[in-house]
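Here is a friendly briefing on strands and aromatic rings. Have a look at the model first, then read on.

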Amino acid sequence: MGVYTKIFFQFPRVFWDNSTQFFLYASPTRGYYPVWQNLDLPDFLPGSGIFFVTVVTDQSYVVDHQDDETTKSQILVTLRQMFGEENVPEPIDFMYPRWSTTPWAYGSYSNWPPGLTLEGHQNLRRNNGRLWYAGEATSSEYYGYLHGAYFEGKRAGEKIAACLKGGEREHCNNGKEYSVLHGTTRPEEYNVQNGWTQTSFQTIGDVDLEGGGG
């Protein structure tokens with residue numbers, strides 16, 4: 001699982017340039033509270049005073065395992081380095097999720113480890129009888145993203161509906177099951193049966209939808 005953490009602050013007043021959406025902080029420590037986003041904008045939450053920072057991977061694990069006051073204190077020091085000690089007030093609210101320690105998640109999004117092939121992924125996404133799986137983690141192409149969850153939910157729902165209506169056998173399962181896994185994904189396996197409907201290979205002519213040459 002990948003870890004991606006947004007840490008939200010609400011301030012009594014805006015002390016940053018409110019015509020700017022994104023701000024960057026360059027720390028000697030890689031990934032230390034680097035990317036800031038302003039939500040006090042007309043298209044977001046005007047008048048909210050909300051300013052948040054995003055951390056990922058190693059720094060996400062750090063903040064997940066420390067208390068709120070430690071994280072808040074570190075970030076306020078950072079903000080006062082960015083905008084000046086006298087310009088940054090105490091926040092009126094502060095929160096962030098701890099995805100890596102949340103029991104029903106243990107991470108923010110799925111992230112394929114080295115060695116996982118389309119065959120192995122297909123075994124994970126295939127239904128187990130009447131139990132079907134759908135979410136960003138079951139998307140071959142868009143794992144880790146919201147639209148991956150949407151497309152997978154739509155796919156599973158359509159297949160289940162077709163099966164309930166007495167459709168063909170192919171509608172009552174979610175593709176192939178591999179009893180023997182290969183160490184790499186072969187070009188011919190980039191196909192619909194393995195959840196691969198749109199592929200970047202098409203742009204360079206290596207593989208088409210049926211798994212043949214471009």
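Predicted model: local features only at pLDDT ≥ 70, side-chain atom pairs only at ≥ 80, totals over all residues.

Buried means under 20% relative accessible area, exposed means over 50%, and partly exposed is in between (1.4 Å probe, protein chains only).

Residues are numbered from 1 along each chain as its sequence is written, and side-chain values use heavy atoms, with hydrogens and water left out.

- Strands are DSSP runs (E, at least two residues) numbered from the N terminus, and two of them pair if DSSP finds at least two bridges between them.
- Six of the seven residues of strand β4 (residues 50-56) are buried.
- Strand β1 (residues 4-10) pairs with β4 in the antiparallel sense over seven bridges, and Phe8 stands opposite Phe52 there.
- Strand β3 (residues 35-38) also pairs with β4 in the antiparallel sense, over four bridges, with Val35 opposite Thr54.

**Aromatic pairs**

- Rings of Phe, Tyr and Trp (its six-membered ring) pair if their centres lie within 6.5 Å; planes under 30 degrees apart count as stacked, over 60 as edge-to-face and the rest as tilted.
- The structure holds 19 aromatic pairs.
- Phe8 and Phe52 form a tilted pair, 4.9 Å centre to centre with 40 degrees between the planes.
- Phe8 lies in β1 and Phe52 in β4, so this pair ties together parts that are 44 residues apart in sequence.
- Phe52 is buried at 4%, whereas Phe8 is partly exposed at 26%.
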